[in-house]
Amino acid sequence: MTLTDPTRLRQAMTGKHNVTTLAKEIGRSRGFLVMILGGKRTCSQETATAIATALDIPADHLFRPALSAKSSATERK
């Protein structure tokens, strides 16, 4: 899953979580979450759901399915 907009995730975190506390709650590292926020990393559906659940927001408000390398190559043709 790919983060649709880092600002949306940061706004959802406001007042409830910072990167460190959210990472702990979802069982991932702070660095992993920073990479997702920076657009350098995608995550599994399970992780996207865990983030959305922790923030009490629908996952599709924050994430969209990531294109696989194979899909990307097909779309470029």
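At what angle do helix 2 and helix 4 pack, and how far apart are their axes?

1. This note concerns a predicted model. Helix 2 and helix 4 pack at an angle of about 120°, and their axes are 9 Å apart. That angle makes helix 2 oblique to helix 4. The crossing of the two helices, helix 2 and helix 4, is right-handed.

2. On the helix 2 side of this pairing stand Leu-22, Glu-25 and Ile-26; they meet Thr-47, Ala-50, Ile-51, Ala-54 and Leu-55 of helix 4.

3. The largest nonpolar core has 23 residues. Those with the most contacts inside it are Leu-9, Leu-22, Ile-51, Leu-55, Leu-62 and Phe-63. Two or more residues come from each of helix 1 (6-13), helix 2 (19-26), helix 3 (30-37), helix 4 (45-55) and helix 5 (59-62). Helix 4 gives the most, with five residues.

4. Phe-63 also deserves a look beyond its sequence neighbours. Leaving aside residues within four places in sequence, Phe-63 is in contact with Met-1, Thr-2, Leu-3, Thr-4, Ile-36, Cys-43, Ala-48 and Ile-51.

5. In helix 3 the buried residues are Phe-32, Leu-33, Ile-36 and Leu-37. Viewed down the axis of helix 3, these buried residues fall within an arc of 140°, so they line one face of the helix. Their packing partners are strand 1 (2-3), helix 1, helix 2, helix 4 and strand 2 (63-64).

6. Just after helix 3 comes Gly-39, which takes a positive phi of about 75°.

Note on methods
Residues are numbered from 1 along each chain as its sequence is written. This is a predicted model: local features need pLDDT of at least 70, side-chain atom pairs count only at pLDDT 80 or more; totals for chains, interfaces and linings use all residues. Side-chain values use heavy atoms; hydrogens and water are left out. A nonpolar core is a set of buried Ala, Val, Leu, Ile, Met, Phe, Trp, Tyr and Cys residues joined through side-chain atoms within 4.5 Å. Buried means under 20% relative accessible area, exposed over 50%, partly exposed in between (1.4 Å probe, protein chains only). Helices (H or I, at least four residues) and strands (E, at least two) are DSSP runs, numbered from the N terminus. Contact means heavy atoms within 4.5 Å. The arc is that of the directions from the helix axis to the C-beta atoms. Axes are lines fitted to C-alpha atoms, for helices over the stretch in contact, and angles run from 0 to 180 degrees between N-to-C directions. Angles under 35 degrees count as roughly parallel, over 145 as roughly antiparallel, 65 to 115 as roughly perpendicular and the rest as oblique. A crossing is left-handed if the near helix is turned anticlockwise from the far one by less than a right angle, and right-handed if clockwise.
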